[in-house]
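Dear colleague,

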Amino acid sequence: MLVLLLRIGDRRFGLDARDVVEVVPAVPLLPVAQAPDWIAGLLRHRDGVAPVVDLARLVRGTPATPRPRTPTVLPRRDPEAPSPP
């Protein structure tokens, strides 16, 4: 199995590559008014927009450190999956 490794702080996580649609280079995000703090913004992608979740905020409670080369991972959508808190 091919795994995409993610690092959040000093912890590492693996994401099955079959669950990844695309890895997009870092680009500026569009702000979202009145969004939960774990929404980093909206990503303009192809013919639409996709919400970007700050996983560091969800896992550690603190925002991710902005880095110019950190890509955005676009996961496959699962209509059965529960929504984040």
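The notes below describe what was found in this structure.

This is a predicted model, in which local features need pLDDT of at least 70 and side-chain atom pairs count only at pLDDT 80 or more, while totals for chains, interfaces and linings use all residues. Residues are numbered from 1 along each chain as its sequence is written, and side-chain values use heavy atoms, with hydrogens and water left out.

Strands here are DSSP runs of E of at least two residues, numbered from the N terminus, and two strands pair if DSSP finds at least two bridges between them. Strand β1 (residues 3-8) pairs with β2 in the antiparallel sense over six bridges, with Leu-6 opposite Phe-13, and the two strands form a hairpin with two residues between them, where Gly-9 in the turn has a positive phi of about 65°.

Asp-16 belongs to strand β2 (residues 11-16), and counts as buried because its relative accessibility is 16%, buried being under 20% relative accessible area with a 1.4 Å probe and protein chains only. Leaving aside residues up to four places away in sequence, Asp-16 touches Met-1 and Leu-2, where contact means heavy atoms within 4.5 Å.

Strands β4 (residues 39-45) and β5 (residues 48-53) also pair in the antiparallel sense, over six bridges, and Ile-39 has Val-53 as its bridge partner in β5. Their hairpin has two residues between the strands, and Arg-46 in the turn has a positive phi of about 55°.

Best regards

Conventions
Helices (H or I, at least four residues) and strands (E, at least two) are DSSP runs, numbered from the N terminus. Buried means under 20% relative accessible area, exposed over 50%, partly exposed in between (1.4 Å probe, protein chains only).
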